Amino acid sequence: MKKILSYPLSIIFYLGYGLTLVIMHVIQWLCYNIGGYKAHHKSVKLLNRILVDLTKIFGTSYTYSGRENLIKGVPLIFVSNHQSMYDVSPMEYDLSEYHPKFISKIELGSGIPSVSYNLRHGGSALIDRKNGKQAIEEIKKLALYIQENNYSAIIYPEGTRSKDGKPKPFKENGLKVLTKYAKDAYIVPVTINNTWQITQNGSFPLYVGAKVNLHYHKPLKVSDYKFDELLALTEQTVKNSITA
């Protein structure tokens, strides 16, 4: 029955998803050009709220745990496993008060309504994976930005999505640059479970009834560790709570 329902529900979802991206692109533009950063930030929170709610059309549920571990008034680096494109909106919406920014491949900076606009104008780092110097400079810029404003960055060190939920080895480069220049930052390991289920049949039809959980582990103060120790501890903490 779930498989039968998944077809019409997926069609409804994609229609709503596409329409939301187009409408919210216009709203983002207006907010950014009239109200500046604060107004734009609020429009992005609304965008992500709508995108999360749309996934509930096909029965996806969300639980968040460990929020009591989060601290304010310092730069935060959220380090998470990466199971699906549907990791992004739940995190960005739930962490809106921490002004999260992303490290994203440069290709996503154009051609996608709402998403590309937010990446270009919201303070995220767009990196060219074929140009190491450019990538380092962009991540450095992001690190200094969150350091100065006590904002946060979200990074998926696997680099690519683990489509079956089983994590890949963490790559060190992006996180190493972030921790070098955001000297007062805390790393918050984040474990995401079950977003991979949403696309286990591919992009169509989407899976009905995924139970997504995001858990925020206790923060690790960057200055308390050597980088290799910090990376190993972060990776172990994230992966130990993956249930796939």
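Predicted model: local features only at pLDDT ≥ 70, side-chain atom pairs only at ≥ 80, totals over all residues.
Trainee: Let us start with helix 1. How many Å does helix 1 span between its end C-alpha atoms?
Mentor: Helix 1, residues 2-55, spans only 15 Å between those atoms. A straight helix of 54 residues would span 80 Å.

Trainee: Where does helix 1 bend?
Mentor: The bend is at Gly-35, and its angle is about 150 degrees.

Trainee: Now Lys-101. Where is Lys-101 found?
Mentor: Lys-101 belongs to strand 3, which covers residues 100-105. The residue is buried and yet has no salt bridge.

Trainee: Which side chain of opposite charge is nearest to Lys-101?
Mentor: That is Glu-92, at 7.1 Å. Lys-101 forms no salt bridge with Glu-92 because a salt bridge needs the nitrogen and the carboxyl oxygen within 4 Å.

Trainee: What does the side chain of Lys-101 reach, then?
Mentor: The side chain reaches the backbone oxygen of Gly-122, at 2.9 Å. Leaving aside neighbours within four places in sequence, Lys-101 is also in contact with other residues, including Tyr-37, Leu-142, Tyr-145 and Tyr-151.

Trainee: Changing topic: how many salt bridges does the structure hold?
Mentor: The structure holds 8 salt bridges. One of the pairs is Arg-67 with Asp-94, whose closest N and O atoms are 3.1 Å apart. This pair links distant parts of the chain, 27 residues apart: Arg-67 is in the loop between strand 1 and strand 2, and Asp-94 is in helix 2.

Trainee: Are Arg-67 and Asp-94 buried or partly exposed? Which is which?
Mentor: Arg-67 counts as partly exposed at 28% relative accessibility. Asp-94, at 15%, counts as buried because that value is under 20%.

Trainee: Which residues are linked with Arg-67 in a network of salt bridges?
Mentor: The network links Arg-67 with Lys-72, Asp-94 and Glu-97. In the salt bridge between Glu-97 and Arg-67, the closest N and O atoms are 3.2 Å apart.

Trainee: One last topic, the backbone. Which residues other than glycine have a positive phi?
Mentor: Among them are Ser-114, with phi near 70 degrees, and Asn-194, with phi near 85 degrees. Most residues other than glycine have a negative phi. Ser-114 lies in the loop between strand 3 and helix 3, and Asn-194 in the loop between strand 6 and helix 6. Ser-114 is buried at 0% relative accessible area.

Trainee: And which residues does a cis peptide bond join?
Mentor: A cis peptide bond joins Phe-204 and Pro-205, with omega about -5 degrees. Pro-205 is in the loop between helix 6 and strand 7.

Conventions. Residues numbered from 1 in each chain as written. Heavy atoms only, no water. Helix = DSSP H or I, 4+ residues; strand = E, 2+ residues; numbered from the N terminus. Expected span 1.5 Å × (residues − 1). Bend = angle between axes of the 7 residues up to and from the residue. Buried < 20%, exposed > 50% of the residue type's maximum accessible area, 1.4 Å probe, protein only. Lys, Arg positive; Asp, Glu negative; His and termini not counted. Polar contact = N/O pair within 3.5 Å; in protein donor to acceptor, adjacent residues only side chain to side chain. Contact = heavy atoms within 4.5 Å.
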